[in-house]
Amino acid sequence: MNKIGKTAIIIGATSGIGEALARHLSQQGYILGLTGRRTNLLEALQKSLPNTSHIHHMDIAQPSQACDAFKKLLTTLRDVKLIIISAGIGHTNNALDFELENETIQTNVAGFTAISGEAYKYFEQRGSGHLAAITSVLCLRGNASAPAYNASKAFMANYLEGLRLKSIQNKNKITITDIRPGYVDTKMAQGDNMFWIASPEKAAAQIYQAIRARKPCVYITKRWRLIAWLFKITPIKLYAKI
């Protein structure tokens with residue numbers, strides 16, 4: 001029998017922040033539903049966790065199939081209180097290769113929208129719940145080298161705010177948390193000028209604290225709030241030189 005408040009789904013748990021969150025939540029006693037494209041990595045993760053987990057193959061870039069898999073996992077777990085969307089992709093794409101841009105859009109925009117919408121409707125039906133998603137501090141500005149990535153994260157942040165407004169207007173007890181990491185030591189982190197790089201484990205611990213506090217928006221690690229403020233006030237001509 002699942003403990004109240006201790007059941008969660010993580011979309012995109014095979015590596016990086018998603019994997020670290022799975023390990024952290026499992027150590028906190030959560031029963032987990034875990035998804036990802038690489039079933040072998042899901043199986044290895046499941047074997048290493050201290051608490052019960054259920055795994056399901058999912059490619060969020062295929063929204064219809066992803067939603068079917070998501071609904072099956074919801075049925076398996078039955079009483080999910082927390083859903084975290086950690087799946088995401090990004091490419092440095094100075095040549096503006098549309099295939100790379102479209103891969104980012106299909107994952108970070110189309111797939112994210114499909115799953116977050118299903119998650120919101122699920123919580124709406126059950127009367128309460130908590131949806132959290134990994135966006136990025138980069139959602140605040142554009143990026144010449146990876147335009148689709150930053151734009152997709154801006155879409156995610158605004159979509160989450162839309163769901164938060166919907167919950168407030170409809171007086172639903174649904175918490176929406178926008179998690180904005182800076183640099184985290186994962187395969188997604190690219191570039192020569194990275195700083196304040198956090199381990200996935202440190203990021204997961206701070207994310208869990210923010211979720212427990214039901215924060216609407218949080219920067220990971222906390223010092224990245226300063227960078228967010230600088231992003232917002234920096235003139236475009238100066239920002240272009242960074």
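# Briefing: helices, charged pairs, cysteines and cores

Glu19 is partly exposed, with a relative accessible area of 23%. Here, partly exposed lies between buried (under 20% relative accessible area) and exposed (over 50%), using a 1.4 Å probe and protein chains only. The model is predicted, so local features need pLDDT of at least 70 and side-chain atom pairs count only at pLDDT 80 or more, while totals for chains, interfaces and linings use all residues. Residues are numbered from 1 along each chain as its sequence is written, and side-chain values use heavy atoms, with hydrogens and water left out.

**Salt bridges**

- A salt bridge is counted when a side-chain nitrogen of Lys or Arg is within 4 Å of a carboxyl oxygen of Asp or Glu; the count comes to five.
- In general, side chains of opposite charge can pair when their charged atoms come close.
- Glu19 forms a salt bridge with Arg23, at 2.9 Å from N to O. The two residues are four apart in helix α1, which separates them by about one helical turn. Arg23 is partly exposed, at 30% relative accessible area.
- Asp79 and Arg126 are joined by a salt bridge of 2.4 Å, N to O. Asp79 lies in the loop between α3 (63-77) and β4 (82-85) and Arg126 in helix α4 (residues 98-126), so this pair ties together parts that are 47 residues apart in sequence.
- Both ends of that pair are partly exposed: Asp79 has 29% relative accessibility, and Arg126 has 28%.
- Lys81 belongs with Asp79 and Arg126 to a network of salt bridges.
- Lys121 and Glu118 form a salt bridge in which the closest N and O atoms are 3.3 Å apart. Both residues lie in helix α4, three residues apart, or about one turn of the helix. Lys121 is partly exposed at 43%, whereas Glu118 is buried at 18%.

- Helices (H or I, at least four residues) and strands (E, at least two) are DSSP runs, numbered from the N terminus.
- The expected span of a helix is 1.5 Å times one less than its number of residues.
- Helix α1 (residues 16-27) has twelve residues and should span 16 Å, which agrees with the 17 Å between its end C-alpha atoms.
- The buried residues of α1 are Ile17, Gly18, Ala20, Leu21, Ala22, His24, Leu25 and Ser26. Gly29 follows this helix and has a positive phi, near 95 degrees.
- Among the buried residues of α6 are Pro200, Gln206, Ile207 and Tyr208. The buried residues of this helix pack against α1, β4, β5 (128-134), β6 (173-181) and β7 (217-220), where contact means heavy atoms within 4.5 Å.
- Arg214 follows α6, and its phi is positive, near 55 degrees.

**Cysteines**

- A disulfide is a covalent bond between the sulfur atoms of two cysteines. The cut-off applied is a pair of cysteine sulfur atoms within 2.5 Å, and the count is zero disulfides.
- The sulfur of Cys139 is 7.2 Å from its closest cysteine sulfur, in Cys217, which is too far for a bond.
- Cys139 is buried, at 10% relative accessible area, while Cys217 is partly exposed, at 24%.

**Asp178**

- Asp178 is found in strand β6 and is buried, with 2% relative accessibility.
- The side chain of Asp178 makes a polar contact with the side chain of Thr135 at 2.5 Å. A polar contact is a pair of N or O atoms within 3.5 Å; within protein, one must be able to donate a hydrogen and the other to accept it, and residues adjacent in sequence count only if both atoms are side-chain atoms.
- Leaving out residues up to four places away in sequence, Asp178 touches residues including Ala157, Arg164, Pro216 and Cys217.

**Nonpolar cores**

- A nonpolar core is a set of buried Ala, Val, Leu, Ile, Met, Phe, Trp, Tyr and Cys residues joined through side-chain atoms within 4.5 Å.
- The largest core has 30 residues, of which Ile9, Ile11, Phe70, Ile83, Ile85, Ile115 and Leu131 touch the most other members. At least two residues of this core come from each of β1 (7-11), α3, β4, α4, β5, α5 (147-169) and β6.
- Not counting residues up to four places away in sequence, Ile9 touches Gly33, Phe70, Leu73, Leu74, Leu77, Val80, Leu82, Ile83 and Ile84.
- A second, separate core of 28 residues includes Ala8, Ile10, Ala22 and Leu45.
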